[in-house]
Amino acid sequence: HLGKKAYIVINDVTTSVKPIMDRLLTLPEYESVFINSTTAEDTVDSSSVVVVVDVNKPSYTECENLLSMCRTLVVIDHHRQSDETIEGAILSYVEPNASSASEMVAELLQYIDNGIKLKAAEAEAMYAGVLIDTQNFNNKAGVRTFEASAFLRRNGADIIRVRKSLRSDMNEYKAKAATISNMEVYRGCYAFAVSPSDGLESPTIVAAQAANEMLDIRGIKASFVFTDYAGKIYISARSIDEVNVQIIMEKLGGGGHMSISGAQLKDVTVNEAVGIVKKTLDSMIEEGDL
C-alpha cells in the first residue's frame, strides 16, 4: 500500500499456519513474500526496516541476526517485557492489556493513510490470531478486541472459513485426547500432563490446546502440559483467573500473560521438567507468591 517491498520471515511452517499461508500464496502479491532466515539475511541492507510482531525477546524471533543487521527496528507486541529485550527499536509498541498482536495491528492499520482495505485472506489471518489468543473471545477480550474484530469482519473475514482453517487433523486430535486422559492432578487443583510428539508436525500446538481444554474440568485452577520436541522440553501453562501462570513461567525463564504462558527447558528430561515445575509451585506457595 505504501509502495515498499515487504517480506515475511518464516522457517518452519506449522500445521496451524499452513492453511492460512497456502491461501495467501494464491494472491499474486504474496508470490515472493515468504522467505527463510538465510534468504532474509542475504536480502536486507542498512536501510531495511525490521518489524518484530508478537514477541519482544530477541531469542524468540525467527531470525535474531536481523536485529543487529538493520538499524531501524519496530516492535509490536502484547506480552509483558522481561529482562531480555530488543535494544535500539525506534518504535516499541508493547501493550500487555491488548488481547493479541492481531488486535494491535488491526488498530494501527485503521490510522495509516486514512485506513487500508485488507484482502479477505489477510483479514482472516488476523481474525484467526485474535481467536487463538483470546480462546474464542473467552480470555482477555475487551472492547478494543471486538472493535478490531469488527474492522476485520468489515474487510471480509469469513468466520466459517477461519474456523475450518483452525481445525486439527486426526493424529493431533488423538494426541490431545491422550494427553488429557493421562492428566495428573497435583495439590488438588493443578493439572499436569505430558503430550506426545511422535508423528505430529506441531506438537507444541497440540500441547497448548490440551492445556486450554483442561481448564474446563471443575476444580482445576491451572494446567501445565509438557512436550519433548526439538531437543527441548516445552511447557504450556494456562489458567482462568485464580492463578498467575506468568510469574510461574518467569521463574523458569519463560513468560507470557497471567492466564497464558510458557517456557522452554534445555538439558532435562520430561520427568525432570515436571519435577521442576512442581518444586517451583511448592516454593511459591510456601513463600506466599501463589
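Predicted model: local features only at pLDDT ≥ 70, side-chain atom pairs only at ≥ 80, totals over all residues.
Residues are numbered from 1 along each chain as its sequence is written, and side-chain values use heavy atoms, with hydrogens and water left out.

Back to the strands. Strand E9, residues 232–239, and strand E11, residues 260–266, are antiparallel partners over seven bridges. Strands here are DSSP runs of at least two residues, helices (H or I) are runs of at least four, and both are numbered from the N terminus. Two strands pair if DSSP finds at least two bridges between them.

The open sheet has six strands, ordered E6-E7-E8-E9-E11-E10, with mixed pairing. Its edge strands, E6 (184–186) and E10 (255–256), each pair on one side only.

Across E7 (190–195), E8 (222–229) and E9 lies helix H9, residues 203–214, at about 165° to E8. Such angles run from 0 to 180 degrees between N-to-C directions, with axes fitted to C-alpha atoms, for helices over the stretch in contact.

Next, helix H11, residues 270–286, which holds Asp282. Is Asp282 buried or exposed? Asp282 counts as buried, because its relative accessibility is 19%; the limit is under 20%, with exposed over 50% and partly exposed in between (1.4 Å probe, protein chains only). Apart from neighbours within four places in sequence, Asp282 contacts Tyr186 and Arg187, contact being heavy atoms within 4.5 Å.

Last, Val51 in strand E3, residues 49–53. Val51 is partly exposed, at 46% relative accessible area.
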